[in-house]
Amino acid sequence: MEKLISCFRKRPDAVARLICFPWAGGGSIHYARWGNVLNNSIEVLAVKLPGRESRATEPFFENMQQIVDELLHVLLPLLKEKPFALFGHSFGAYTSYAVAEALKKTHNIEPVHIFLSGASAPYSEVRMKAAKRSDLSDEHFLEWLTSIGGTPPELLANQEVLRLFLPALKADLHLVENYQCVRPVSPFLSCPITCVDGREDVPHDLQAWKEITAGDFTVTMLEGSHFYLKDPRNERIILDFITKNLEMSGMDYL
């Protein structure tokens with residue numbers, strides 16, 4: 001499991017697990033450190049994708065099904081043990097959706113909560129009409145990357161860092177831009193879903209996510225642009241909200 005998951009703080013007695021999926025081009029460390037911040041009731045498992053971190057020599061995945069297949073092969077036994085929730089930002093929100101859909105339809109398992117951040121629902125018109133970025137030239141791609149914020153300017157000016165960083169980012173964007181799913185005819189989940197977004201980010205169709213669940217649905221807007229969740233104040237709000245909901249879910253499960 002260590003190949004696929006970063007877990008800074010193993011908590012075998014935790015009430016619930018939080019599975020976190022990286023944004024495009026991202027690694028596992030941002031979320032793995034949440035395990036050092038959240039209390040003992042929650043164990044954080046941060047997903048590592050091929051082509052980065054300790055998996056740098058592995059080829060990038062080319063489609064969403066590859067991600068789903070690998071995750072379910074490794075994590076399914078753990079997901080049957082105790083309550084779990086999913087968190088994903090941007091590209092990670094789509095991964096969360098694909099994994100939740102496969103778990104429910106193939107194994108009749110679902111999370112106790114799904115937290116989706118910075119992304120329109122994958123079947124929404126807004127997402128379908130969104131411009132594709134993965135085929136841009138490096139020059140135009142960097143211009144777009146600078147415009148959405150979240151990446152330190154000194155990194156974008158470092159050619160060696162870009163040589164390592166851009167391929168993973170473009171590969172993930174190519175994967176998600178070619179990911180297609182059918183709009184659900186009826187909700188296939190019953191768990192609560194929480195959508196979070198930055199007020200200054202481009203508009204996302206968050207309401208469309210409501211179509212996948214018969215459970216509670218809430219939207220929270222926080223100050224900031226696409227990477228609003230990197231702001232320490234926003235991160236604290238998110239972690240407090242996750243803790244409150246997972247502890248309550250754990251008690252209901254017991």
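A salt bridge is taken here as a side-chain nitrogen of Lys or Arg within 4 Å of a carboxyl oxygen of Asp or Glu. The model is predicted, so local features need pLDDT of at least 70 and side-chain atom pairs count only at pLDDT 80 or more, while totals for chains, interfaces and linings use all residues. Residues are numbered from 1 along each chain as its sequence is written, and side-chain values use heavy atoms, with hydrogens and water left out.

**Salt bridges**

Select R17 and E43, whose side chains form a salt bridge with an N to O distance of 2.8 Å; R17 belongs to strand β2 and E43 to strand β3 (residues 42-47), 26 residues apart. Strands are DSSP runs of E with at least two residues, helices are runs of H or I with at least four, and both are numbered from the N terminus. R17 has 6% relative accessibility and therefore counts as buried (under 20% relative accessible area, with exposed meaning over 50% and partly exposed in between, for a 1.4 Å probe and protein chains only). E43, at 7%, is buried as well.

E235 is buried, with a relative accessible area of 10%, whereas R33, at 30%, counts as partly exposed.

**The aromatic cluster**

Now show W23, Y31, W34, F87 and F227, which ring pairs link into a cluster; rings of Phe, Tyr and Trp (its six-membered ring) pair if their centres lie within 6.5 Å, and planes under 30 degrees apart count as stacked, over 60 as edge-to-face and the rest as tilted. The whole structure holds eleven aromatic pairs. In one of them, the ring centres of W23 and F227 are 5.2 Å apart and the planes stand at 75°, so the pair is edge-to-face. Both W23 and F227 are buried.

Centre the view on W34, which sits in helix α2 (residues 34-37) and is buried at 0% relative accessibility. Its contacts (heavy atoms within 4.5 Å), leaving aside neighbours within four places in sequence, include F87 and E235.

**A charge over a ring**

Finally, select R127 and Y94: the charged end of R127 sits over the ring of Y94, 5.3 Å from its centre, where the criterion is NZ of Lys or CZ of Arg within 6 Å of the ring centre and within 35 degrees of the ring normal.
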